[in-house]
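I opened the notebook to record what I look up here.

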Amino acid sequence: MNELIKYLQDNMLIDFRGEITLETVRGFLREDNGKEAQDLLRKVDEEEGVHDMLVTLADNLKEHIEGGVDAKALREQLSHYSES
């Protein structure tokens, strides 16, 4: 059973419902002048879209599934992404 659970955890996919575009992200961050928001906006602008951000975020959040994917984990991963 433990091997099956480990396999399922290692191969689980996280996806996001709905369409998340660069304009959507810009809209959410428009009023936020914080460093994290500005760094993230700069990064997605450099990447010319949010596809890489979403793939990276989903992949890195897999390690948080057992303990829970909460706002803190999302913030941490978005910050790591924008700094990379």
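Where does Glu48 lie? I found Glu48 in the loop between H3 and helix H4 (51-61). Helices here are DSSP runs of H or I with at least four residues, and strands are E runs of at least two, numbered from the N terminus.

A note on the source before I go on. This is a predicted model, where local features need pLDDT of at least 70, side-chain atom pairs count only at pLDDT 80 or more, and totals for chains, interfaces and linings use all residues. Residues are numbered from 1 along each chain as its sequence is written, and side-chain values use heavy atoms, with hydrogens and water left out.

Entry: I looked up the backbone of Glu48. Its phi is positive, about 60 degrees, although Glu48 is not a glycine. Most residues other than glycine have a negative phi. Is Glu48 buried or exposed? Glu48 counts as exposed because its relative accessibility is 70%. The cut-offs are under 20% relative accessible area for buried, over 50% for exposed and partly exposed in between, with a 1.4 Å probe and protein chains only.

**Entry: helix packing.** Two packed helices are described by the angle between their axes and the distance between the axes. I took H3 (residues 35-47) with H5 (residues 71-83). Their axes are 8 Å apart, and the angle is about 55 degrees. Axes are lines fitted to C-alpha atoms, for helices over the stretch in contact, and angles run from 0 to 180 degrees between N-to-C directions. H3 and H5 are therefore oblique to each other. Under 35 degrees counts as roughly parallel, over 145 as roughly antiparallel, 65 to 115 as roughly perpendicular and the rest as oblique. I noted a left-handed crossing for H3 and H5. Left-handed means that the near helix is turned anticlockwise from the far one by less than a right angle, and right-handed means clockwise.

Next I took H4 with H5. Their axes come within 10 Å and cross at roughly 130 degrees. H4 and H5 are therefore oblique to each other too. H4 passes H5 in a right-handed crossing.

**Entry: salt bridges.** How many salt bridges does a search of the whole structure find? It finds six. A salt bridge is a side-chain nitrogen of Lys or Arg within 4 Å of a carboxyl oxygen of Asp or Glu.

I looked up Glu36 with Arg75. Their side chains meet in a salt bridge at 2.6 Å, N to O. The pair links distant parts of the chain, with Glu36 in helix H3 and Arg75 in helix H5, 39 residues apart. Glu36 is partly exposed at 39%. Arg75 is exposed at 53%.

Lys43 and Glu47 form a salt bridge at 3.7 Å, N to O. They are four residues apart in helix H3, so about one helical turn separates them. Lys43 counts as buried at 10% relative accessibility, while Glu47 is partly exposed at 34%.

Glu23 and Arg26 form a salt bridge at 2.5 Å, N to O. They sit three residues apart in helix H2 (residues 22-29), so about one helical turn separates them. Glu23 is partly exposed at 48%, and Arg26 is partly exposed at 27%. I also noted a network of salt bridges that links Glu23, Arg26 and Asp45.

**Entry: the start of the chain.** I placed Met1 in the segment before helix H1 (2-11). Met1 counts as exposed because its relative accessibility is 73%.
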